[in-house]
Amino acid sequence: MLFPKKLPQGGTVLLTALSSPLAEDQPVEEIARAVERLGLRARIGDACRAGPAASGYAAAPAALRAADLHRGFADPEIDAIWCVRGGSTSWQLLPLLDCDLIAAHPKPFIGFSDVTTLHLALQQRCGLVTFHGPTANRALDWAEDRFSWSSLRAALDLEDCLEIRNPPGAPVECLRPGRAEGVLTGGNLSLAVHSLGTPEQIDARGRVLYLEDVGEAVYALEKMLTQLLRAGVLAEAAALVFGAFARCGNAYRPDYGPQALLRDFFAGWPCPVLAGLRSAHCSPMVTLPMGTLCQIDGDLGTITVRR
């Protein structure tokens, strides 16, 4: 895997909208100022200002968003590409990716949620380590949330190894014990399922598979897990790690939520299973360097990544 150069203090990041448009109460200029308060320089990509009127419900037409992404990797003055938000429609970029260009200029690529689609593509088609971390609009709230920035910075500054830790007071739960090692992959559960049968189908063979989601009913989570199970994806993984499942309720039985589902679904599972890693639709948020070598100790509940 290609590990990108570190993002230097005072480095330049390209802010780009590769999925949905920004909310009206989150103007990109305010996001840029928040990013610069972190000690970085911000450039605003063209896709941030195009608006959905030109593209239906995406931030910009797919060709413009892809051009933004390629510009970020190709421009020697840009040190990292930071997605301003998730949403939907990043799948539209997949046939437009210039993987040779991206692989020739490895740089930090940061985002989560709908950005999962691009994480998987960049890992599998370009061999690039990417960062499942907060989108740049989260920087607007970091006066009260220093953990998310420190976790992102630690992942970007990874030397030899890094223990991935939850915020204080939020332990990772061991659902199945054991130890395992493999390349870290995954992201949003529904997008992992949507990848099945496509050229970018998620590859979990011998890997540590991380999954999370938001706003899904518990029965829908079970259907998606079952689809990954029947497709053979779950059984191929060396270990499973699950994140926070925000706003995922059960209208039929409110006391039976995502954690209970995971305990039942993976009862007797043969490899380590951890749950409750706070790298998802939650705040504070842990950053995961996807594509790094990941060691899981289910007995201790520890997750360590290495270059």
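My entries on cysteines and backbone geometry follow.

**Ground rules.** I'm working from a predicted model, where local features need pLDDT of at least 70, side-chain atom pairs count only at pLDDT 80 or more, and totals for chains, interfaces and linings use all residues. Residues are numbered from 1 along each chain as its sequence is written, and side-chain values use heavy atoms, with hydrogens and water left out.

**Cysteines.** I looked for disulfides (a pair of cysteine sulfur atoms within 2.5 Å) and found zero. Cys161 is in none, and its nearest cysteine sulfur, in Cys294, sits 12 Å away. For Cys174 the closest one belongs to Cys271 at 11 Å, which is too far for a bond. I then checked accessibility, where buried means under 20% relative accessible area, exposed over 50% and partly exposed in between, with a 1.4 Å probe and protein chains only. Cys161 comes out at 42%, so I logged it as partly exposed. Cys174, at 33%, also counts as partly exposed.

**Cis peptide.** I noted that the bond from Ser283 to Pro284 is cis, omega near 0°. Pro284 lies in the loop between β11 (273–277) and β12 (288–290); helices (H or I, at least four residues) and strands (E, at least two) are DSSP runs numbered from the N terminus.

**Positive phi.** Which non-glycine residues did I find with a positive phi? Ser113 has about 65°, in the loop between β4 (109–111) and α5 (116–126). Arg247 has about 55°, in the loop between β10 (239–246) and α10 (258–265). Ser113 counts as buried at 13% relative accessibility, whereas Arg247 counts as exposed at 69%.
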